[in-house]
Structures are given as structure tokens and as C-alpha cells.
Amino acid sequence: MFSWGSYVQALAILCLLLGVLWVGVWLLRRYGRFNFIPRPGTLPRDALMMEAQMPLGPRKGLMVVRFMNRRLLLAVTEQQICLLTEESLDHETPCQDFQHLLEQSVAASAHGAGADGSRP
């Protein structure tokens, strides 16, 4: 005799198992400490880090970002991101702080500006 009850029960068990498997994979990817095989061309996790930021107004500010062995001072607005200065971390001590980097950038931009405020 043909019975739909056993097929429905088997289909329900299959859906339940697939759901449990999906939740397990999602939890493993979200909270697991496993590093799956990295995709080609991806950077290590610590290759890009924001070290400091200084807000200058609504949706405007300065950010110090470390990328690989470079430290970048970025001006960030709602429309664009501009690189203000860049330095290598090879010869630097880790005690150099954001204020010192900001003063260097301001001094460099003031030195590069002309008497009327325009760039040469």
C-alpha cells in the first residue's frame, strides 16, 4: 500500500537536518575561531587597522590608518577621502602619537601653501 505519511515524514526530517546544518555552519563562521582557507588576493586580518580618529564636524574628520608597513593620515568627508600624509613604519618607534602626526601634517601643508593660501 502507498502511504504519503512516510514520505512527508522523511521530507520533514530532511528539511530539519538541512536547517540544523545551515545554523551550525552560520554559527561556526560567525563565532568560530577557525580560519578557513583564505581567498586568493586577500590580506591578513591585521593588514589594515584604524589607529586613531579626530572628528572635525558632522561626518568630517581625520583618521590615522595603518596599512601593512605604512601609516596614512586621511581626511574623511561625506563625499571623499583624501590622503594628507604617509610614512613608513620601518624606522619608527611605537610611541609616536596622533597629535605629533597631525602637527607634522599641518606643518607640511603650511609649508607647501603660498602666501595667499594657494598651492604653488
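This briefing looks at the salt bridges in the structure above. The model is a predicted one. Side chains of opposite charge can pair when their charged atoms come close. In this model the count comes to 5 salt bridges, and three of those pairs are described below.

**Strand 1 to strand 2**
- Arg66 and Glu51 form a salt bridge through their side chains, with an N to O distance of 2.8 Å.
- Arg66 sits in strand 2 (residues 60–67) and Glu51 in strand 1 (residues 48–57), so this pair ties together parts that are 15 residues apart in sequence.
- Arg66 is partly exposed, because its relative accessibility is 29%.
- Glu51 is partly exposed too, with a relative accessible area of 29%.

**Loop to loop**
- A salt bridge also joins the side chains of Arg59 and Glu78, at 3.5 Å from N to O.
- Arg59 belongs to the loop between strand 1 and strand 2, while Glu78 belongs to the loop between strand 3 (70–76) and strand 4 (81–88); the two residues are 19 apart, and the pair links distant parts of the chain.
- Arg59 and Glu78 are both exposed.

**Strand 3 to strand 4**
- The side chains of Arg71 and Glu87 meet in a salt bridge of 3.8 Å, N to O.
- Here Arg71 lies in strand 3 and Glu87 in strand 4, 16 residues apart, so the pair links distant parts of the chain.
- Buried means under 20% relative accessible area, so Arg71, at 8%, counts as buried.
- Glu87 is buried as well, at 17%.

- Salt bridges link Glu51, Arg66, Arg71 and Glu87 in a network.

Key: Residues are numbered from 1 along each chain as its sequence is written. This is a predicted model: local features need pLDDT of at least 70, side-chain atom pairs count only at pLDDT 80 or more; totals for chains, interfaces and linings use all residues. Side-chain values use heavy atoms; hydrogens and water are left out. A salt bridge is a side-chain nitrogen of Lys or Arg within 4 Å of a carboxyl oxygen of Asp or Glu. Helices (H or I, at least four residues) and strands (E, at least two) are DSSP runs, numbered from the N terminus. Buried means under 20% relative accessible area, exposed over 50%, partly exposed in between (1.4 Å probe, protein chains only).
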